[in-house]
Amino acid sequence: MDTTELLKVIEPDGATPGFDTDLSDAELVHCYRTMLAVRAFDDVCMKLQRAGRIGFSIPNKGIEATQVGAASAIDKTDFLFPSYRDFGMALYHRVPPVEMMHNMFGNELDSAHGRQMPVHFSFVDPIRLYSISSPIGTHIPHAVGAAHAFRLKGEDRVCLVSFGDGGTSSLGFHSGLNFAGVWKAPVVFLCQNNGWAISCPSEEQTASEGYAIKAKAYGMPGIVVDGNDLLAVRQATSDAVARARRGEGPTLIEARTFRMGGHSTSDDPTRYVPAELLEEWGRKDPVTRFQRYLEKEGIWTAKLEEQLTAEVSAEINAAAKVAEGTGQPGLETIFSDVYADLPTHLRKQGEFLFDLTARRGDAAAGDGAFPL
Amino acid sequence: MPTLTLLQAVNDGLKSVMRTDPDVLVFGEDVGLKGGVFLATEGLTNEFGKERCFDTPLSEDGIIGTAIGMAMNGLRPVAEIQFQDFIFPAFDQIVSEAAKLRYRSGGQYTAPMVIRTPYGGGIRGGLYHSQSGEAYFAHTAGLKVVIPSTPHDAKGLLIASIQDPDPVLFMEPKALYRSVKGEVPEDVYTVDLSTLRRVREGKDVTIFCYGAMVPVVEKAATQAAAKGIECTVVDLRTLLPLDEDGVLEAAKSTGRVVVVHEAPRFCGYGAEISALIAERCIEYMEAPVKRVTGFDTPFPNTLEHHYLPDDRRVLDAIEQTFEF
Ligand SMILES: Cc1ncc(C[n+]2csc(CCOP(=O)(O)OP(=O)(O)O)c2C)c(N)n1
Ligand SMILES: [Mg+2]
């Protein structure tokens, strides 16, 4: 299976010659719905950011097939280590959009109590979705260690860790793959090659022929897959997951896709992304591609699309409304969770801040007593 | 003289020195066509070409490690770390290598280079786009640590750092990038490293600060003046090596001291200033030194305005120096 040839299943017209999916119709519809949900979540966040109602977001447009295809290949009992550009992984596994919106608004119901920037999710339910860290690549060895722990404890579970093309230059990538290779850890590395690391094109990120080939140096198979082809990404990831479960060790998958928006809401990609490239990839839209496939399979109808679009849009707009209406985290969340127990010096600092805000007549102080 | 923002002054400093010294080059993540995520390097690739201002792969360790090699071979690298929060993969290269190269080779090999990096809070950046890590680096012999707070100093200190024979960590207060403006000479000029700047003169209390806290302290000093307390405000500008005589002189002149930084308190830079005063001029002190700092927690996002010291907290501390 070790290949540098591009794995592809769905032709541009939606045909899948010689391919039979293992997904039921209902599962296929769930994949499609999730892609529409990513797009809706993305749109709503962009609008909220432009309106100044949230501070920041990360465009996910163009990457939906990679996120959803890969997420569909792991079980609820497995462990996801996503990047910050992975709305689809959370949504596929039915993390409620409102939970994600609580993070986007950094409110008191956010699992991280508004401590992190938007798009830095952390969930344990309905799937373990590891707390996202901004420093690139740091999570890659964590996934390897977690996978090795599953093995040592005799648990039949795997880790899926996702990162960008830029992430392959990080220290974490190299130590992570090296350790995983040596330990034969049950982990799948998903490199989302979306063409850019902010403004740095892939050609300037590495001189190797793509990213999958790097697997060879670490003693594991490297697979290149069309990242805009949901079924191909699912296939490659399922194969790698099966390999990991069989105890044969890790796989590096490179999904070739394209970031159809800016790096973030702070970025102006017209400064560096050639317009022709955007146009070219616009024609390869992953949602359209999957839709054509579903149409050929007799699943997609205009009515289904309309219905699902309306559903996800209503759900996500409602989620945003709830999250926006939720209060800010309490002052004590600055000091809690630094340690398991609150040390004396942090208690004193917390009391100082409570007293200060109370003296200022700031409502943030609540009823005035430091609750920790 | 043109009026520039601090960000424009950094950009102007880089351009001015690159025009006169062909060995100076600028590199890092997204510093080329994009001009850096804050636009500090805007226009450099256009003016000087890709050989002298270029993007690197996403590796801080690689950026700093290769800069050391360039520096020892006759170039003057100015490496950018996109956010100070992302400097840690390069901690080894900075602390073990750049800072110790001269010492361990008896001066045969040196690393005259500058690491520019935006630091500090105020942009709703949460844990990893807000940190003030100066204390980690000020603890490192062989390194210089510089933090400007005005456009004039940003350009002059940056050029002095580039011309300096030793490695300099040049931390730019991102909160001030666009919020402070000032006159900046067009030519190449330097502001001496290891000289503090007395921002304001007053006989009652001396406040030491640097970077993004300088305007906050100035505001508090104005409010104190309205209450009849005259403050001397000192912008330290170079944290390492520190202008010790200047600190002692400013402390002695009032006998009351407040130190302000947004970094956490424990083992923060303020501890060094307090210890220096305790050791060298305690007999001049009318009151214990007060510190106004960030809390000893990671940097929050939604509540960052509660984390960051503001004028009110500084004013409280100024007044408390009279309650002793
Ligand atoms: C260690 C580190 N350095 C720099 C950054 C700033 N940064 C954030 S995202 C990014 C580019 C990442 O590109 P890639 O890995 O391709 O992921 P993508 O954003 O394209 O999904 C950079 C440089 C960071 N977050 N961490
Ligand atoms: Mg990328």
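In β7(B), which residue is the bridge partner of V145(B)? The partner is L169(B). That pairing is a way into chain B, but some ground rules come first.

This is a predicted model: local features need pLDDT of at least 70, side-chain atom pairs count only at pLDDT 80 or more, and totals for chains, interfaces and linings use all residues. Residues are numbered from 1 along each chain as its sequence is written, while chains are lettered from A and ligands numbered from 1 in the order in which they are written.

Start with strand β7(B). Helices (H or I, at least four residues) and strands (E, at least two) are DSSP runs, numbered from the N terminus. Strands pair if DSSP finds at least two bridges between them. β6(B) and β7(B) run parallel and are joined by three bridges. On β5 (residues 114-119) of chain B, six bridges reach β7(B), and these two strands also run parallel. Here V114(B) has V168(B) as its bridge partner in β7(B).

How many of the six residues of β7(B) are buried? Six are, so the strand is mostly covered, where buried means that 20 or more other C-beta atoms lie within 10 Å of the residue's own, exposed means 12 or fewer, and partly exposed falls in between, with C-beta atoms placed from the backbone. V168(B), F170(B) and E172(B) point one way from the strand. L169(B), M171(B) and P173(B) point the other way. All are buried.

Now step back to the domains of chain B. Domain bounds come from an automatic or database domain assignment. Domain 1 of chain B covers 3-183 and domain 2 covers 197-320. Their C-alpha centres lie 26 Å apart. The contact takes 26 residues from domain 1 of chain B and 24 residues from domain 2 of chain B; two residues are in contact if their C-beta atoms, placed from the backbone, lie within 7 Å. On the domain 1 side, α6 (134-138), β6 (144-146), α7 (151-163) and β7 (168-173) of chain B each supply at least two residues. By class, that side has 14 nonpolar, eight polar and four charged residues. Ala, Val, Leu, Ile, Met, Phe, Trp, Tyr, Cys and Pro count as nonpolar, Asp, Glu, Lys and Arg as charged, and the others, Gly among them, as polar.

Chain B also meets chain A. The contact joins 29 residues of chain B to 36 residues of chain A. The chain B side divides into twelve nonpolar, eight polar and nine charged residues.

Chain A has 13 helices and nine strands. Its radius of gyration, taken over C-alpha atoms, is 22 Å. That agrees with the value near 21 Å for a compact globule of 372 residues, because the globule rule is 2.2 Å times the number of residues to the power 0.38. Its C-alpha atoms fill a box of roughly 70 × 50 × 40 Å along the principal axes. Buried residues make up 51% of the chain. Domain 1 of chain A spans 6-324 and domain 2 spans 331-365. The C-alpha centres of these two domains lie 38 Å apart.

End with helix α5 (residues 139-152) of chain A. Its 14 residues reach 20 Å from first C-alpha to last, close to the 20 Å expected, a span of 1.5 Å times one less than the number of residues. Its buried residues include H139(A), P141(A), V144(A) and F150(A). The buried residues of α5(A) pack against β2 (79-81), β4 (159-164), α6 (171-183) and β5 (187-193) of chain A. G154(A) follows the helix, with a positive phi near 70°.
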